[in-house]
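Student: Could you go through this one with me, a piece at a time?
Tutor: Gladly; here it is, and we can look at it together.

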Amino acid sequence: MTEQRFASVWDAIEDTTEEAENMKIRSQLMVQLKSYITRAGLSQADAAKVFGVTQPRVSDLMRGKINLFAIDALVNMAAAAGLRVEMQLLDAT
């Protein structure tokens, strides 16, 4: 039996490198948005107002329903909250 190692869980479970990279970015954005809600002490209803979305949408975020969010939606939520998103591209090694 050979043991295969992966850099992240997304590399292990996604079919392509592109899908894994997309999921990594989405998951990082979701973690940061959830952290913002917690740090700010916001209810889901208050967070929805800040993000410009519905409360059920914030519930999906808090429950980690990653497949319901596109990168652009998460970036829009961050921007609506006055958060700045930075990106860095690195050579794959």
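Student: Okay, where is valine 50 found?
Tutor: Keeping in mind that this is a predicted model, valine 50 belongs to helix H3.

Student: And is valine 50 buried, exposed or partly exposed?
Tutor: Its relative accessible area is 28%, and because buried would require under 20% and exposed over 50%, valine 50 counts as partly exposed.

Student: Which residues does valine 50 touch, not counting residues up to four places away in sequence?
Tutor: With those neighbours left out, valine 50 touches Tyr36, Leu42, Ala80 and Ala81. As for alanine 80, which lies 30 residues apart from valine 50 along the chain, the two C-alpha atoms are separated by 6.5 Å.

Student: Switching topic: in the largest nonpolar core, which residues touch the most other members?
Tutor: That core has 17 residues, and those touching the most other members are Leu33, Ile37, Phe51, Leu61, Leu74 and Met77. Two or more residues come from each of H2, H3, H4 and H5, with H2 giving the largest share, 6 residues.

Student: What does leucine 33 touch, then?
Tutor: Again leaving out residues up to four places away in sequence, leucine 33 touches Phe51, Leu61, Leu74, Met77, Ala78 and Leu83.

Student: Which residues of helix H4 are buried, and what do they pack against?
Tutor: In helix H4, which covers residues 55-62, the buried ones are Val58, Ser59, Asp60 and Leu61, and they pack against helix H2, helix H3 and helix H5.

Student: What follows H4?
Tutor: H4 is followed by glycine 64, which has a positive phi, near 75 degrees.

Technical notes
Residues numbered from 1 in each chain as written. Predicted model: local features only at pLDDT ≥ 70, side-chain atom pairs only at ≥ 80, totals over all residues. Heavy atoms only, no water. Buried < 20%, exposed > 50% of the residue type's maximum accessible area, 1.4 Å probe, protein only. Helix = DSSP H or I, 4+ residues; strand = E, 2+ residues; numbered from the N terminus. Contact = heavy atoms within 4.5 Å. Core = buried A, V, L, I, M, F, W, Y, C linked by side-chain atoms within 4.5 Å.
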